[in-house]
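This report examines a metal site and the aromatic residues of one structure. Please view the sequence and the structure before reading on.

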Amino acid sequence: MILADFHVHSVASHDAFSTVTEICSAASRRGLEWVAVTDHGPAMPIGQHAYHFAAMSVLPNTIRGVRLLKGVEANILPDGCLDIDTELAEVMDIVIAAYHSTLWTYGSKAENTSKLVALLDSGVVDILAHPYHPWVEFELDAVFEVMAKNNVALELNEKALALAKHEHVAPLLIGARDHGLLFTLGSDAHYHTDVGGFSTCLDIIRTYSIPMAQIINYDRIKICSLAERRCKP
Ligand SMILES: [Zn+2]
Ligand SMILES: [Zn+2]
């Protein structure tokens, strides 16, 4: 049974339309026990200021019986850094990191690889989100090795997988599976009715024979260790 959704946007992202309470209510109706609210980071015009993410500490840890993970979908900038600083990342429950092409142009495969390896080795990223893009390339083996070393999960993103081409998805998912990486399921819902909807992800899991034991969303112990891996003050 799927117990968590690790990638949801609230009205705090200007391209999304549901409140945190609506998201938690929808998660509860779906039978989820955890939901991560991960609004866009500050470098995007549709994203939020860093103060917003720090202020998420005022939210209850449980709403409508669902554990709320206070997160961010941080942007990987062309210099390889995130658009939130390390101090902020350390107080969030969950940090997912993503390339977004509409605003930035990324470098060569070698440049992207060394920057991404350094970022994933820094310990601030929990999940590498939807990296199945033709417009940013990196050396898969080098990235998978650093993800395995740092327990960074690869995301199965419901929205992005529905649009991605097999030729871009296959090497990533087969490589990650064979490196024994952990995966997360994220709906990337921008409206609460999509929270916990994973039909494309489930098709992908079957197509690529991704073992259930490598998928965090099915396992309470793995979910807790992902949610609690940061040392909180
Ligand atoms: Zn994204
Ligand atoms: Zn997103």
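## A buried tyrosine and its partner

Y99 has a relative accessibility of 2%, and therefore counts as buried. This value, like the others in this report, was computed from a predicted model.

A search of the whole structure for aromatic pairs finds three of them. In one pair, the ring centres of Y99 and Y106 are 4.8 Å apart and the planes stand at 85°, so the arrangement is edge-to-face. Planes over 60 degrees apart count as edge-to-face. Y106 is buried as well, because its relative accessible area is 10%, and buried means under 20%.

## From Y106 to W135

Y106 also pairs with W135, and here the rings are stacked: the centres are 6.2 Å apart, with 20° between the planes. Y106 belongs to the loop between β5 and α4, while W135 belongs to the loop between β6 and α5, so this pair ties together parts that are 29 residues apart in sequence.

Taken together, ring pairs join Y99, Y106, W135 and F138 into a cluster.

T113 is located in helix α4. Its relative accessible area is 7%, so T113 is buried. Leaving aside neighbours within four places in sequence, T113 is in contact with F138, E139 and A142. F138 is also a member of the aromatic cluster.

## The zinc site

Which residues coordinate the zinc ion (ligand 1)? The donors are E73 through OE, H100 through NE2 and H130 through NE2, at 2.0 to 2.2 Å. Along the sequence, these donor residues follow the spacing E-x26-H-x29-H.

The two histidines lie in separate loops: H100 in the one between β5 (94-98) and α4 (109-120), and H130 in the one between β6 (127-128) and α5 (140-150), so the pair ties together parts that are 30 residues apart in sequence. Both H100 and H130 are buried.

Terms used
Residues are numbered from 1 along each chain as its sequence is written. Chains are lettered from A and ligands numbered from 1 in the order in which they are written. This is a predicted model: local features need pLDDT of at least 70, side-chain atom pairs count only at pLDDT 80 or more; totals for chains, interfaces and linings use all residues. Side-chain values use heavy atoms; hydrogens and water are left out. Donors are N, O and S atoms within 2.8 Å of the metal (3.2 Å for Na, K and Ca); water is not among the atoms, so sites may look incomplete. Helices (H or I, at least four residues) and strands (E, at least two) are DSSP runs, numbered from the N terminus. Buried means under 20% relative accessible area, exposed over 50%, partly exposed in between (1.4 Å probe, protein chains only). Rings of Phe, Tyr and Trp (its six-membered ring) pair if their centres lie within 6.5 Å; planes under 30 degrees apart count as stacked, over 60 as edge-to-face and the rest as tilted. Contact means heavy atoms within 4.5 Å.
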